[in-house]
Structure formats: C-alpha cells, structure tokens
Amino acid sequence: MPTPEGAPLELVRPLVQQACGSAGGLCVLTGAGMSAESGIPTFRDALTGHWARFDPMQLASEEGFRADPARVWNWYAERRNGVRRAEPNAGHRALGDFAARHPGVLTVITQNVDDLHQRAGNLDTLRLHGDILQDRWLEPCPRGARGPACEPGWALEGEPPRCGECGNPLRPGVVWFGESLPLAAMNAAERAVDGCRLLLVVGTSGAVWPAAGLAHRARRHGAQVVIINPEASEIDDQAQYLLRGTAAQVLPALLDTTSPENG
Ligand code: BJW
C-alpha cells in the first residue's frame, strides 16, 4: 500500500541510487502535469484543463475531426503555438541532466505531444500519443499505392490544409481516442518497464489506457513504482510511494544525486 499523505523524498532517493546501478534501471512515465509548469494546460484539471471547456470526443477523435475539421484544426493550431512558445521546466531539465550523467540508465516514456523532453536532452523519449508539431494525411495517400506518396509539406493552405491532387486533409500527428498507439513506441515502453527496477510516474491522472497500464505492468514485473503528483491519480494504488509535489519541485530534488545533501 502507498503511504497515504505522501512519502518523504528521503525514502525514495535510495531507490533511485539502486536503479542507477543497472542498465535500463530507471523508467519515467510522464503526462500533462509534467509540462504544466511550462505553461501547457493539462486535460483534466477542473479549472484550466482542456476537457473542462471542451468535449474530448469533439476535438480528440477522428469522428470529431470529420464533423468539424476547421474547428479541430484551429484548436490544434492554437495549442501548437503554445508548445512552440513553451520552455522545458526544472523537471524536464532534471531528467535531461540525469540521462547525461547516467548513460543507458533512464528511459523516458511520455503521453505528452509536446517536445519539451527532447528539448531538455532526452532525445530517445518514447512518445505514446504522437507529436503535435507533425502533420499527416487523414486518409492513406492514394498515390502511395502506386509510387511515391504526396508529402504533407505540399498541402495547399487551408483550415485544414488539403492535398492539391486529391483533397485529402491534413490532421495533427497525435493519437486520438479509439486509435492505436504507435506500435514501436508502445513495444519499447513495455520492454522498458518490464526490465526496470524503478518506475517514476509523473503528472498523469492515469485515466487513459493503455498508457496507464504501464504502471500495473511495472509492478507485476517487480519494479518499485513511485507517483509524483500534487493530486490523487487513478493509479495511486499501484504505487509503493506517493510524492505529493509538482514535477518541477520533486524531480530536481530527487534526481540531483550529485548535490552534497543527497550524497
Ligand atoms: C501535475 C502538475 C505538476 C498537474 N506536476 N503533476 C481500457 C479501459 C478503459 C478504456 C480503454 C481501455 N483501453 C482503451 C480504452 C479507450 C481509451 C481510454 O483510455 N479511454 C479512457 C478515457 C477511459 N483509450 C484509447 O482510445 C487509446 N487507444 C487505444 O486504446 O487503442 C486501442 C483501441 C482501439 C479501438 C477501440 C478500443 C481500443 C488512445 C488514447 C489516446 C489519448 N489521446 C489524448 C489526446 C492526444 C492528442 C492531444 O494532445 O490532443 O492524450 S487524450 C489526453 O489524455 C492526452 C493525454 O496524453 C492523455 C492522458 O492525460 P494525462 O497526461 O494523464 O493528463 P491529465 O490532464 O488527465 O492529468 C494531469 C495530471 O497532472 C493530474 O493528475 C494532475 O494532478 C497532475 N498535475 N500539475 C505534476 N505541476
């Protein structure tokens, strides 16, 4: 059972030290709360989250896109601008610095569609829900069956932009509800949690599957699971320790094993 009111950091630091001793010893699964302190809204925050104002199925499903492509395109365009303006926070930087100090130890798995982990130095981050800064065709390009497919970069301007040849609209390169996750990233994430000693779950409500199942999977395979979140999540019962703080507060304090106070 997890400690109910939040464990002290000192109980978790030795687990990080142990995980440092083996290749692939540490996995970190992140969600929207990881980027909240960079100014990117979460989905399920009651006041500021996207889903407090919008119906997820109208904006984050193929059905919603087909019903009103301009509305969905423009919503994503606004979010893309927010991502481009954002900077990695102290939590992202702590993970980037840790990976540089301990090569081969850390795997970062994210549900986030921003690029803040990559910009903080975790270039191999496994992206389960895609990349908001990429475009792809809504339908498979019909030319692709016979020869080179049309490039998304050739699309004619519009909301959404469309292929000049066949009218195929562009859509954001993210994973919507009901869509499969990228197989290679999901397989790599499962292998990583199966083999790690410690999984840190940072800033996710644990409401969305199959990503949430990675915490259960790590636990089943014998890893320690630690959740870092200022609020309760739907997967708290999977954690040995709950650290009640924000990503930018807790990760630097937990992972900066070089500072004198941490030994
Ligand atoms: C802080 C903080 C700070 C705040 N520091 N923390 C099994 C059971 C039930 C349902 C399903 C199931 N398997 C599949 C499903 C269906 C569905 C699903 O999970 N539905 C649930 C809602 C019930 N899953 C899918 O459809 C997935 N596909 C799939 O399973 O394919 C196979 C299949 C096909 C056909 C039929 C059935 C199955 C795809 C899921 C795609 C999710 N897409 C989105 C949008 C991405 C694009 C975009 O960005 O627009 O991904 S939804 C949204 O939720 C986004 C996120 O990545 C995802 C998770 O949210 P996250 O990151 O946890 O954010 P929040 O807001 O929920 O939580 C933030 C947390 O941070 C909170 O806890 C705060 O307290 C905390 N926080 N500030 C640390 N500073």
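Helices here are DSSP runs of H or I with at least four residues, strands are E runs of at least two, and both are numbered from the N terminus. With that in hand, helix H2 (33–36) and helix H6 (69–85) each give at least two residues to the shell around the ligand.

A word on the source: this is a predicted model, where local features need pLDDT of at least 70 and side-chain atom pairs count only at pLDDT 80 or more, while totals for chains, interfaces and linings use all residues. Residues are numbered from 1 along each chain as its sequence is written, and side-chain values use heavy atoms, leaving out hydrogens and water.

So who surrounds the ligand? There are 33 residues around it, with Tyr76, Arg79, Glu179, Thr204 and Ser205 the closest; a residue counts as near if one of its heavy atoms lies within 4 Å. The shell splits into 16 nonpolar, 12 polar and 5 charged residues, with Asp, Glu, Lys and Arg as charged, Ala, Val, Leu, Ile, Met, Phe, Trp, Tyr, Cys and Pro as nonpolar, and the others, Gly among them, as polar.

Here are some polar contacts, meaning pairs of N or O atoms within 3.5 Å:

| Protein N or O atom | Ligand atom | Distance |
|---|---|---|
| Glycine 33, backbone | nitrogen | 3.3 Å |
| Arginine 44, side chain | oxygen | 2.7 Å |
| Asparagine 229, side chain | oxygen | 2.8 Å |

Taken alone, the ligand exposes 1,500 Å², and the protein buries 74% of that (Shrake-Rupley areas, 1.4 Å probe).

Elsewhere, leucine 156 sits in the loop between strand E4 (130–137) and strand E5 (170–174). Leucine 156 counts as exposed because its relative accessibility is 51%, and the cut-off for exposed is over 50% (1.4 Å probe, protein chains only).

Notes: Polar contact = N/O pair within 3.5 Å; in protein donor to acceptor, adjacent residues only side chain to side chain. Buried < 20%, exposed > 50% of the residue type's maximum accessible area, 1.4 Å probe, protein only.
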